[in-house]
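Good morning, everyone. Please have the chain on your screens, and we will walk through a few spots together.

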Amino acid sequence: MRLTVIGTGYLGAVHAACMADIGHDVLGVDVDAEKISALTEGRTPFYEPGFDEVLTRALASGRLRFGTSLREAAVHGEVHFICVGTPQQAGSRAADLRYVEEVVDGLVPYLPASCLVVGKSTVPVGTTARLTDRIARLVPTGVRADVAWNPEFLREGFAVEDTLRPDRIVVGTVGRESDETLRRLYAPMLDAGVPYISTDPSTAELVKVAANSFLATKISFINAMAEVCDAAGADVVTLADALGHDTRIGRRFLNAGLGFGGGCLPKDIRAFTARAQELGVGPAVTFLDQVDAINERQRTRTVELARRLAGGDLTDRRVTVLGATFKPNSDDVRDSPALAVAVALHRQGADIRVHDPEGTANARRTRPELRCEDDLLTACRGAELVLHLTEWGQYRELDPVKLARVVRKPVLVDARNALPHDEWRAAGWTVKGLGRPAPADRPPVAPAGEALRATIASPAVEADHPGLPYPALPAGKV
């Protein structure tokens, strides 16, 4: 099928390359000519494991190309995917749909034949109906452009896997023809056993924001428990292990720490509450305000903990921050809890050094007031306090004995509760995690059973899943 993917940011670029990889003829479109030039040359504008290979393969096949013209897209596509951003409005919690509307306004008047417009961006419920009315006013006489919603469920760091082997495909359509078109488009996934959920557009729009709201709630719940554990002298990790045995709750995403960030979860739950208010059902989702507040408080608690460990005054104290991205396996620093803490410490007078395996360049660009180091040992040299804020695998593999020789004072805040605290303490470090009392503050506790731990995702890959039993998709076959 001939597809266009409009918006070649994180979502759109991955979707375009993967759709070409399974055999579709894809044109990716973006207003950013520099980004289009990079993608055309096979250079990825962001870090995403496995994407380089898929992009290279798709370009070499001749089934993927990029451009900047919506008129060209209108002529090319049988199906047009809208993958532009829906950021939070300035001065409001609501989603800003201007980029989605600009795509419609620039595409629809030039459509030469009937087609399907498919939204993948995360939008407020009711957007499909709103765009349907807008398209009806713009579409040329004799041309029909149906609208469907097909929300994305990508996890940064696993986006290629999530596109080619998703755990479900959700589509919201208003007619059988649109549904059949999307079934043909996703045929390789359906043949591999991926569940396909066909519903109305409003339900499809709600699926993504409801999923993100549930996930955010689970994360904030265990972070609230961490705060209680700190007050009571209890251990939130053991608490989470015990809760994880309950199959109704499960252990995944139940790791207490610095909280969530990025370009999706925070703004999506805020937009959801704003839309619920517009619909007159605001009280139904007021709990999300507390979810958001708990998440933000984790950053404040981490800064306060660092200040206490620094003796109550951070002025001119050398502090190393391990991690700049909002999660590992990404270079994305949007609404990064790690950077937010680093900035707060800097404003309190600390001499900050930031290290991240992939996000240093983006951190330098967005937070020029911080000193970012490409070399980890250089970042740690002379530190009086080390904060572990993004759970990269590289940090879990650090040798605490060797690192103790580099720092000035071996004091660690593990704000992700992802490092082996006993090993670090044995190497002479003072270690503190959120919701985890020091050994002297609690009686010895037997570790969780190995069988349970074997089934629990590591904090470093909190968003990972154990892999779904779908066969590999045949490249170039639809």
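Let's start with D316. It lies in the loop between α13 (287-309) and β9 (318-322). Those labels come from DSSP runs, numbered from the N terminus: helices are H or I with at least four residues, strands are E with at least two. D316 has a positive phi of about 60°, although it is not a glycine. D316 is exposed, with a relative accessible area of 63%. The cut-offs, with a 1.4 Å probe and protein chains only: buried is under 20% relative accessible area, exposed is over 50%, and partly exposed is in between.

A word on the source. This is a predicted model, where local features need pLDDT of at least 70, side-chain atom pairs count only at pLDDT 80 or more, and totals for chains, interfaces and linings use all residues. Residues are numbered from 1 along each chain as its sequence is written, and side-chain values use heavy atoms, with hydrogens and water left out.

Next, F253. This residue also has a positive phi, about 65°, and is not a glycine. F253 sits in the loop between α11 (236-244) and α12. Is F253 buried or exposed? It is buried, at 17% relative accessible area.

Now the helix α1. It has 12 residues and reaches 17 Å from its first C-alpha to its last. That is close to the 16 Å expected at 1.5 Å a residue. The expected span is 1.5 Å times one less than the number of residues. In α1, 12 of the 12 residues are buried, so the helix is largely enclosed by the rest of the structure. After α1 comes G23, with a positive phi near 120°.

On to the aromatic rings. Rings of Phe, Tyr and Trp (its six-membered ring) pair if their centres lie within 6.5 Å; planes under 30 degrees apart are stacked, over 60 edge-to-face, and the rest tilted. How many aromatic pairs are there by this rule? Three. Take Y10 and F46: their ring centres are 5.2 Å apart and their planes at 45°, so this pair is tilted. Y10 lies in α1 (residues 10-21) and F46 in the loop between α2 (33-40) and α3 (51-61), so the pair ties together parts that are 36 residues apart in sequence. Y10 is buried at 17% relative accessibility, and F46 is buried at 13%. Now F46 and F51: centres 5.3 Å apart, planes at 15°, so that pair is stacked. F51 is buried too, like F46. Together, Y10, F46 and F51 form one aromatic cluster.

Back to α2 for a moment. S37 is in that helix. At 32% relative accessibility, S37 counts as partly exposed. The C-alpha atoms of S37 and T68 are separated by 9.7 Å, and the two are 31 residues apart along the chain.

Last stop, the cavity. On a 1 Å grid over the protein atoms alone, a cavity is a set of points where a 1.4 Å probe fits but cannot get out, and lining residues have an atom within 4 Å of a point. Points are joined across faces, edges and corners, and the volume is the space filled by probe spheres set on them. The count is one cavity of 30 Å³ or more. Of the 13 lining residues, the closest to its centre are V123, P124, V209, A271 and F272. Which element gives the largest share of the lining? That is α12, with five residues.

Terms used: On a 1 Å grid over the protein atoms alone, a cavity is a set of points where a 1.4 Å probe fits but cannot get out, and a pocket is an open set with protein on both sides within 12 Å along at least five of seven lines; lining residues have an atom within 4 Å of a point.
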